[in-house]
Amino acid sequence: MVLLASPACNFQQKAYDFTAKLPDGENWTLSDHVKDNPFLVMFICNHCPYVQAIIERLVADAKTMQKYGIDVVAVMPNDYGFYPDDAPEKMIEFAEKHDFSFPYVVDEHQDIAKNYDAICTPDFFGFNADWELQYRGRIDDVRLEQTNRHTPELLNAMLQIKETGEGPSNQNASMGCSVKWRV
């Protein structure tokens with residue numbers, strides 16, 4: 001496991017439209033599901049301890065975002081040939097176990113992660129309705145060893161983007177396991 005921190009937000013960077021497969025093999029296209037709403041593209045996986053540590057908070061925050069009209073999609077970028085815990089059938093189990101209310105797609109050729117410059121899981125990209133990047137930071141300020149919740153930075157940022165079209169100027173990097181690139 002290699003711990004990495006996401007780079008600073010490149011404000012106004014345009015979102016990359018993509019088509020990926022859901023774990024059951026059905027195609028899912030970003031532009032078919034995101035219309036005039038702000039949206040969150042998040043890179044997660046099943047086996048990463050950093051994702052596992054936040055998954056309950058992440059799912060709860062995603063449900064809140066969706067109530068406010070913010071679209072959410074999760075992308076699994078890892079090479080599951082070498083990390084079988086991230087294979088599509090395991091993604092289905094993980095999503096069901098944690099009651100995902102958002103699509104969880106497979107980045108089969110890792111093009112999505114490369115086009116977004118995702119480097120770790122979790123890695124969050126919050127866009128406004130004009131598809132401009134406004135947030136690239138962490139979910140909240142809770143540390144792995146803590147159990148109590150402090151400031152929900154991702155949720156607050158996405159609600160601000162929904163309200164104003166702009167993300168917060170101060171953002172803290174997300175930290176997690178490196179994306180497991182195909183060799």
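**Group meeting: a walk through one predicted chain**

P122 lies in the loop between β7 (120-121) and β8; helices (H or I, at least four residues) and strands (E, at least two) are DSSP runs, numbered from the N terminus. The peptide bond joining T121 and P122 is cis, with omega about 5°.

Before going on, some housekeeping. This is a predicted model, in which local features need pLDDT of at least 70 and side-chain atom pairs count only at pLDDT 80 or more, while totals for chains, interfaces and linings use all residues. Residues are numbered from 1 along each chain as its sequence is written, and side-chain values use heavy atoms, leaving out hydrogens and water.

Now the whole chain. The protein chain holds five helices and ten strands. Its C-alpha atoms fill a box of roughly 40 × 40 × 30 Å along the principal axes. Why call the protein chain a compact globule? For 183 residues, such a globule would have a radius of gyration near 16 Å, and the chain has 15 Å, which agrees. That radius is taken over C-alpha atoms, and the globule rule is 2.2 Å times the number of residues to the power 0.38.

Of the 183 residues, 51% are buried. Buried means under 20% relative accessible area, exposed over 50%, and partly exposed in between (1.4 Å probe, protein chains only). Among contacts with a separation of 6 or more, 78% are between residues 24 or more positions apart; contact means heavy atoms within 4.5 Å.

Next, helix α5, residues 153-164. Its twelve residues should span 16 Å at 1.5 Å a residue, and its end C-alpha atoms are 16 Å apart, which agrees. The expected span is 1.5 Å times one less than the number of residues. Which residues of α5 are buried? They are E153, L154, L155, A157, M158 and I161. The buried residues of α5 pack against β4 (39-43), α2 (49-67), β8 (123-127) and β9 (133-135). Just after α5, G165 has a positive phi of about 85°.

A20 is in strand β2, residues 19-21. A20 counts as buried because its relative accessibility is 5%. Leaving aside residues up to four places away in sequence, A20 touches E26, N27, W28, V105, V106 and I112.

Last, two loop residues. D99, between α3 (88-97) and β6 (104-106), has a positive phi of about 60° although it is not a glycine. D117, between α4 (111-116) and β7, also has a positive phi, near 65°. D99 is partly exposed at 47% relative accessibility, and D117 is partly exposed at 43%.
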